[in-house]
Amino acid sequence: MSLLEVNHISKRFDDEVVLADVSFTLDKGDCLTILGNSGSGKSTCLRCINLLERPDAGEIILDGQNILAPKTDENKVRARVNMVFQSFNLFNNMSVLANCVLAQRKVLKRGKREAEEIARKNLSKVGLLEKADAFPASLSGGQKQRVAIARSLCMNPEILLFDEPTSALDPMMVAEVCNVMANLREEGVTMILVTHQLDFARKISSKTMFLHKGIVDMLGPTEEVFSKPSPHFRDFIKVEGH
Amino acid sequence: MNLGDDIANLLTNYWREFLLGLAGTLLLSVVGTGVGLFLGVFLALGKRMKPRPSDNPFQKIGKRVLRGLSSAYSAVIRGTPMMVQAILFKYGCMAMGVNWNNILPGIDVFNGWMVAGLIVITLNTTAYMCEVVLSGLNGVDKGQEEGARSLGLSSSQTLWSVVLPQALRNAIPTIGNEWIVNIKDSSVLNVIGVAELYFEAYMAANSTYAFMASYLIIAVIYLLLTLGSNLILKLVGIKLEGKRIFRFSHRKGVAA
């Protein structure tokens with residue numbers, strides 16, 4: 001059984017169809033990259049898995065449980081499937097350490113000392129232990145994103161979702177965030193990545209899905225998808241890869 | 001007697017009354033603003049109530065009712081003068097058999113009317129604070145909430161730990177303004193006999209017939225009070241800014 005099964009999900013905003021019958025599976029340790037033009041539904045797809053959006057139809061099965069079922073505790077699901085955002089979304093009113101501790105204490109009910117220990121461990125993993133007492137406003141974009149990743153790691157998520165994590169960063173910082181993600185990949189963290197960094201996606205991911213206007217245009221092992229691109233995907237590579 | 005003599009005379013013979021008035025005005029403005037802010041937060045939350053698809057029918061109705069009541073309260077209070085509210089409160093209470101004159105009997109200055117005044121100014125400020133808090137909440141970037149929810153925090157945990165502290169932090173200048181408004185507007189509470197600055201000036205003026213002098217004195221006191229509180233607010237602002245807790249602006253997290 002796969003860790004995550006997304007079965008025929010559809011989503012529309014008003015009259016616009018954003019996702020149409022999207023299905024894919026993810027096994028433990030997989031890294032899936034979702035590629036697509038702006039407005040192809042890739043971010044929405046990710047947000048559905050984190051339940052920040054609800055699909056209009058279909059089912060999402062996490063470890064055997066349909067998380068779209070009415071009785072599901074959304075907060076429990078979100079704690080298991082964490083999201084890293086393009087705009088970081090660090091809590092501005094808290095130090096870096098407090099950012100990493102808050103959800104551990106409130107959601108996982110960990111003790112203060114344990115939560116801080118785990119926070120420090122993950123901050124050092126992303127190379128920012130010395131910034132533990134800093135506030136987000138004093139960090140660079142790349143540092144903010146690394147803190148956001150550390151904050152998610154503290155929750156021991158079963159799947160880590162990355163929604164264009166490097167799109168708001170300049171090239172130097174992109175590299176530092178990509179390095180962190182590559183390290184996580186080596187550790188076997190299961191992840192889904194939405195990105196425009198084609199080379200990085202190709203290097204890091206085991207599976208690739210290409211969405212075109214909300215429809216799955218290509219889905220398969222990364223090398224297979226890149227070596228036999230569909231016409232739409234070929235156009236996409238031409239534009240994105242310069 | 002000329003104006004200068006009148007003022008000197010009043011300050012010599014009535015300084016105690018003016019000081020009491022000053023204390024009354026400060027008490028009204030500080031309590032009204034502080035408690036009003038506290039209650040205003042809850043009123044704002046009431047006004048923001050939205051039924052969720054997952055709510056049961058009772059929750060849905062309850063939320064709609066709370067929302068309606070909160071909005072109505074804010075509209076009525078902000079749509080009528082505090083002076084009228086005070087007088088309605090006085091006679092309303094009397095109609096229900098409560099005469100504030102008989103509460104705390106034997107106390108000359110901060111008597112039952114002061115309690116009534118504190119209630120009126122607090123209930124009045126609550127409505128304004130509700131709007132201040134609401135605009136503070138609206139000013140917090142949506143991403144803050146999403147960031148918290150995506151980690152599994154519930155909506156109320158998100159509100160109390162992440163969104164509200166930032167909303168209040170951003171609202172500090174407006175909250176300070178409300179305090180200054182209250183220093184001045186508490187003067188209307190003289191209509192129900194609350195012993196604040198204007199009331200004491202009125203009493204002094206009527207005993208001495210030094211009307212101009214008496215009201216000039218409190219005008220200067222009001223001015224000093226508002227200038228002083230402005231200074232305090234500025235210092236608080238600088239202190240918070242100096243601590244770099246976080247910025248007022250909510251630019252999206254785009255790398256510099």
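Predicted model: local features only at pLDDT ≥ 70, side-chain atom pairs only at ≥ 80, totals over all residues.
Let me begin with a term: a residue counts as buried when its relative accessible area is under 20%. The buried residues in helix 3 of chain A are Val96(A), Leu97(A), Asn99(A), Cys100(A), Val101(A), Leu102(A), Ala103(A) and Gln104(A). What covers them? The cover over the buried residues of helix 3 of chain A includes helix 4 and helix 5 of chain A, together with helix 6 (155-185) of chain B.

In soluble globular proteins, nonpolar side chains tend to be buried together. Here the largest nonpolar core has 39 residues, and those with the most contacts inside it are Leu123(A), Val147(A), Ile149(A), Leu160(A), Phe162(A), Met181(A) and Leu184(A). In chain A, the elements that give two or more residues to this core include helix 3 (96-106), helix 4 (112-125), helix 5 (141-153) and helix 6 (171-186), and also strand 7 (159-163) and strand 8 (191-194). Helix 6 of chain A supplies the largest share of this core, with seven residues. Apart from this core lies another, of 30 residues, among them Ile9(A), Leu19(A), Val81(A) and Leu211(A). As for Leu184(A), if residues up to four places away in sequence are not counted, it touches Lys125(A), Ile149(A), Leu153(A), Leu160(A), Phe162(A), Val189(A) and Met191(A).

Now the sheet. In which order do its strands lie? Four strands of chain A form an open sheet in the order 2-1-4-5, with antiparallel pairing, and the edge strands, each pairing on one side only, are strand 2 (16-26) and strand 5 (65-66) of chain A. Strand 1 (residues 4-13) of chain A pairs with strand 2 of chain A over seven bridges, and Leu4(A) has Leu26(A) as its bridge partner in strand 2 of chain A. Helix 1 (residues 42-49) of chain A packs on the sheet, where it touches strand 1, strand 2 and strand 4 (57-62) of chain A, and its direction makes about 60° with that of strand 2 of chain A.

Strand 1 of chain A is also joined to strand 4 of chain A, by five bridges, and in that strand 4 the bridge partner of Glu5(A) is Ile61(A). Strand 4 of chain A in turn is joined by two bridges to strand 5 of chain A, where Gln65(A) stands opposite Leu62(A). The hairpin of these two strands has two residues between them, and in that hairpin Asp63(A) takes a positive phi near 50°.

Notes:
Residues numbered from 1 in each chain as written. Chains lettered and ligands numbered in written order. Heavy atoms only, no water. Core = buried A, V, L, I, M, F, W, Y, C linked by side-chain atoms within 4.5 Å. Buried < 20%, exposed > 50% of the residue type's maximum accessible area, 1.4 Å probe, protein only. Contact = heavy atoms within 4.5 Å. Pairing = 2+ DSSP bridges. Axes fitted to C-alpha atoms, helices over the stretch in contact; angles between N-to-C directions.
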